[in-house]
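Visitor: Could we go through this structure together? I would like to begin with the ligand and then turn to one of the helices.

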Amino acid sequence: MRVVSGIQPTGNLHLGNYLGAIRRWVRMQDEAECIFFLADLHAVTVYNDPAELSRNVNGMAAALIACGIDPEKSLVFNHARVPAHAELAWLLSCTARIGWLNRMTQFKEKSGKNREGSSVGLYAYPVLQAADVLLYQATHVPVGEDQKQHVELMRDIALKFNTDYDVELFTAPEPHIGATAARIMSLRDGNAKMSKSDPSEMSRINLGDDDDMIAQKIRKAKTDPEPLPESVEGLAGRPEALNLVTIHAALTDAEPQAVLDQYAGQGFGQFKPALADLLIATLAPIRARLQDFEADPAALEAILAAGAAKASERAAPTLEGAYRALGLPRG
Ligand code: TYM
């Protein structure tokens with residue numbers, strides 16, 4: 001089992017990233033060879049203030065380590081330090097079809113009405129994402145539900161390249177999506193996913209939020225006046241209630257039904273403080289570790305530089321194999 005996944009270093013790490021992806025990355029470290037990176041070349045598909053982007057790369061790397069990613073076990077680096085990603089992306093963009101990219105729902109969401117004014121990079125970035133994974137012969141890609149389509153695209157690109165050039169070069173990876181926390185929703189709207197790009201800070205819990213802020217965000221989270229039902233079916237049509245129950249279940253590694261067994265018949269006046277306590281107990285130690293790391297930028301720099309050097313070595317044979325398959329051996 002070889003595991004590869006990434007995260008864009010924009011804004012803050014939030015609870016959706018943590019429960020949907022990163023907590024599973026941490027757990028997979030003991031079972032597989034793992035590579036995790038900050039997708040800074042993805043971040044530049046839209047304008048980012050350069051100084052802020054640079055700060056965010058380091059901040060997000062510190063956050064991953066604070067969550068439990070161990071650089072002794074896993075490779076941790078940022079895209080921009082490993083040129084093989086951009087190189088393979090170009091080669092694969094000649095295999096990916098325009099029709100395939102036209103189906104990507106994230107591009108449609110992110111470009112909105114401004115399709116013609118979007119960057120070519122925003123349109124093509126699922127190909128870079130394919131390169132990110134195919135370079136390392138990954139078998140599993142742990143992601144939230146929103147990335148499933150991109151992983152399916154990677155499989156299509158891998159298989160078409162292998163077939164077109166009659167090689168067995170790329171491994172087709174599987175998406176690895178968690179059962180309970182595949183899609184954590186906004187605290188203000190149970191039909192929208194929790195996201196870094198939501199303008200309302202109250203819509204998400206950030207991993208750096210202090211205890212009071214976490215409690216306040218849960219207290220103000222949108223809900224309905226009904227008590228919690230006895231079974232999960234009773235949450236149908238109550239997306240905000242379902243989301244809070246899902247978060248509780250994910251934090252305690254339980255099924256949503258087990259949460260309802262405990263809280264059925266109780267209102268949010270009782271449920272919300274219990275959820276806030278649970279969140280605080282989970283996030284406070286991560287926040288403390290994050291603060292330690294932020295105080296030591298040299299340690300972080302050393303981790304990213306070492307991770308990038310090892311990643312370049314790991315990526316080299318597949319990259320060379322791709323050039324060779326195309327009839328472009330490089331010596
Ligand atoms: P990004 O930075 O948007 O999100 C990072 C990870 O967090 C998951 N996630 C969520 N899971 C559950 N509920 C949510 N509300 C939620 N919001 C985010 C995402 O599914 C993702 O797993 N393109 C990717 C980064 C990337 C990548 C890759 C991922 C670049 N190269 C190669 C996998 C493999 C992205 O923008 O994720």
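**The ligand and a helix**

Visitor: Which residues come nearest to the ligand?
Guide: This is a predicted model. Of the 27 residues around the ligand, those that come nearest are Gln-8, Asp-132, Gly-144, Asp-146 and Ile-184.

Visitor: What does the backbone of Gly-144 do there?
Guide: A polar backbone atom of Gly-144 lies 2.8 Å from an oxygen atom of the ligand.

Visitor: And which backbone atoms lie by a nitrogen atom of the ligand?
Guide: For Ile-184, a polar backbone atom is 2.7 Å from a nitrogen atom of the ligand. For Gly-16, a backbone N or O atom is 3.2 Å from a nitrogen atom of the ligand.

Visitor: How much of the ligand's accessible area does the protein cover?
Guide: On its own the ligand has 710 Å² of accessible area, and the protein covers 97% of that.

Visitor: Now helix α11. Which of its residues are buried?
Guide: Helix α11 spans residues 256–263, and its buried residues are Pro-256, Val-259, Leu-260 and Tyr-263.

Visitor: Why are they on the same side of α11?
Guide: They cover an arc of only 100° around the axis, which puts them on the same side of the helix. In general, an α-helix has 3.6 residues a turn, so residues three or four places apart point the same way.

Visitor: What do the buried residues of α11 pack against?
Guide: They pack against two helices, α10 (239–252) and α12 (268–294).

Visitor: Which exposed residues does the face turned away carry?
Guide: That face of α11 carries Asp-261 and Gln-262.

Visitor: What comes just after α11?
Guide: Gly-265 is found there, with a positive phi of about 90°.

How values were computed. Residues are numbered from 1 along each chain as its sequence is written. This is a predicted model: local features need pLDDT of at least 70, side-chain atom pairs count only at pLDDT 80 or more; totals for chains, interfaces and linings use all residues. Side-chain values use heavy atoms; hydrogens and water are left out. Buried means under 20% relative accessible area, exposed over 50%, partly exposed in between (1.4 Å probe, protein chains only). Helices (H or I, at least four residues) and strands (E, at least two) are DSSP runs, numbered from the N terminus. The arc is that of the directions from the helix axis to the C-beta atoms. Contact means heavy atoms within 4.5 Å. A residue is near a molecule or strand if one of its heavy atoms lies within 4 Å of it. A polar contact is a pair of N or O atoms within 3.5 Å; within protein, one must be able to donate a hydrogen and the other to accept it, and residues adjacent in sequence count only if both atoms are side-chain atoms. Accessible areas come from the Shrake-Rupley method with a 1.4 Å probe; for residues, only the protein chains shown count as cover.
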